[in-house]
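Visitor: Please take me through the ligand sites in close detail. Which residues surround each ligand, and what touches what?

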Amino acid sequence: MQQTRVVIVGAGPSGLLLAQLLRRHGIDSVVLEQRTRHYVEARIRAGLLEQGTVDLLREAGVGERMAREGLVHNGFEVAFEGRAHRIDLHGLTGSQVTVYGQTEIQRDLDHGFVDNGGDVRYGVEQVVIEGYESAHPRVSFTMDGVRQEIACDFIAGCDGFHGVCRRSIPSDAIRIYERAYPFCWLGILADVEPLSDELIYANHVRGFALCSMRSRTRSRYYIQCPVNDTIASWPDERFWDELRSRLPSAHAARLITGPAIEKAIAPLRSFVAEPMRFGRLFLVGDAAHIVPPTGAKGLNLAAADVRVLYQALVEHYRLGSDTALDEYSSRGLARVWKAMRFSGWFTMLMHQFGDDPFAHKLQLAELNYLTESPAASQSLAENYVGLKFDQST
Ligand code: APR
Ligand code: PHB
């Protein structure tokens with residue numbers, strides 16, 4: 001039977017970053033991915049990194065292109081009632097965020113890990129995890145029609161929300177907390193100059209809008225839309241008109257439009273699975289938790305899980321100590337719930353929840369308070385840039 005120290009299920013950002021960090025500490029792993037490398041690389045996802053995530057990517061040795069091409073942002077704007085207010089992230093926290101697409105991170109990890117001899121098996125099917133409550137876990141899978149099995153010390157479930165690892169746990173051993181939101185985000189990517197140097201989050205009676213970017217020449221825009229809408233009902237022109245109508249008029253007048261190179265509708269949900277560890281199985285990233293995208297915490301939370309887990313595994317192999325492994329779930333969940341709170345709050349503040357004028361008035365009062373009170377702005381800013389590790393775990 002094949003043997004490795006850690007079997008990692010899923011080659012998304014969580015799986016590959018974990019594999020890369022472990023390799024740099026001499027810990028071998030095998031990564032099992034159901035899709036092709038091309039499919040995983042082409043997925044378009046979030047793009048806003050906390051400093052802690054930037055630091056971890058650097059530590060993993062895959063931060064070179066990000067340092068060159070990432071856009072450092074010192075603030076962002078919140079727009080409502082026809083005006084925009086700047087939140088000075090750097091002034092309020094001393095920290096910044098970096099705009100660098102998850103697609104680029106995936107490419108950098110592929111280059112850093114896969115192209116340098118990392119063991120990733122793409123296109124595997126029927127992954128089955130076994131024995132994770134014992135000292136001898138095993139993972140079996142089918143590749144090119146052949147059933148194989150790997151013995152390991154630990155399994156990392158980095159297989160996303162729809163993955164097999166969380167689903168393998170008996171329902172009486174896991175508790176799920178979940179909230180769905182009654183709207184979606186319609187997002188488009190276009191090769192046009194971004195509206196502004198910084199991101200703009202807009203609360204409008206017609207619904208939420210977000211102006212983001214991937215580079216100085218590639219824009220990423222989102223609008224809130226009803227859950228049953230389809231892409232076909234949103235030709236480019238309708239999207240641009242709707243976006244303009246939700247922005248302050250000075251911003252709308254500056255908007256540069258162009259053909260969408262990608263367009264997708266995504267549901268919003270908050271989801272937490274507790275605990276995050278089951279014997280020698282650890283759930284990481286989207287496999288354990290999903291936040292609504294407002295505030296872009298998803299990828300950052302995944303990176304925080306990876307950081308805690310890789311350090312705990314290094315401690316296990318170097319010092320023979322399992323203290324950090326034993327704390328993985330409680331430390332992770334402390335951070336996760338704070339990000340759940342922030343993402344849920346920011347979502348509730350910025351979106352329209354049907355025809356409720358009273359609720360909208362309360363949102364506007366809170367937005368006014370948030371942008372006028374230094375204490376309230378600072379609370380928003382410190383969560384947005386990412387809570388410090390000792391604050392959050
Ligand atoms: N067997 C093997 N691989 C699997 C299986 C399975 N049964 N199920 C899922 N996978 C793979 C998926 O194909 C995917 O490539 O696991 C990977 C999970 O990757 P992600 O969904 O990107 O999750 P994660 O790596 O935790 O990334 C978190 O991605 O979704 C965003 O907002 C999220 O930015 C956050 C980040
Ligand atoms: C994005 O660019 O995809 C993005 C940025 C900020 C968010 C959410 C998404 O809050």
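Guide: An oxygen atom of ligand 1 lies 2.7 Å from an N or O atom in the side chain of Gln 102. That is a polar contact (a pair of N or O atoms within 3.5 Å; within protein, one must be able to donate a hydrogen and the other to accept it, and residues adjacent in sequence count only if both atoms are side-chain atoms). Arg 45 also reaches an oxygen atom of ligand 1, with a side-chain N or O atom at 2.7 Å. Pro 13 uses a polar backbone atom, 3.3 Å from a ligand 1 oxygen. Taken alone, ligand 1 exposes 700 Å², and the protein buries 90% of that. Areas come from the Shrake-Rupley method with a 1.4 Å probe; for residues, only the protein chains shown count as cover.

This is a predicted model: local features need pLDDT of at least 70, side-chain atom pairs count only at pLDDT 80 or more, and totals for chains, interfaces and linings use all residues. Residues are numbered from 1 along each chain as its sequence is written, chains are lettered from A and ligands numbered from 1 in the order in which they are written, and side-chain values use heavy atoms, with hydrogens and water left out.

The shell of ligand 1 holds 24 residues, with Ser 14, Glu 33, Arg 45, Gln 102 and Asp 286 the closest. A shell residue has a heavy atom within 4 Å of the ligand. By class, nine are nonpolar, nine polar and six charged. Ala, Val, Leu, Ile, Met, Phe, Trp, Tyr, Cys and Pro count as nonpolar, Asp, Glu, Lys and Arg as charged, and the others, Gly among them, as polar. Helix α10 gives the most, with three residues. Helices (H or I, at least four residues) and strands (E, at least two) are DSSP runs, numbered from the N terminus.

Now ligand 2. It has 13 residues around it; Tyr 201, Ser 212, Arg 214, Tyr 222 and Gly 295 come nearest. A polar side-chain atom of Tyr 222 lies 2.6 Å from a ligand 2 oxygen. The backbone contributes too: Pro 293 places an N or O atom 3.4 Å from an oxygen of ligand 2, and Ala 296 has a polar backbone atom 3.3 Å from one. Ligand 2 alone exposes 280 Å², of which the protein buries 99%. Its shell has eight nonpolar, four polar and one charged residues.

Tyr 201 is buried, as is Phe 208; buried means under 20% relative accessible area (1.4 Å probe, protein chains only).

Conventions. Buried < 20%, exposed > 50% of the residue type's maximum accessible area, 1.4 Å probe, protein only.
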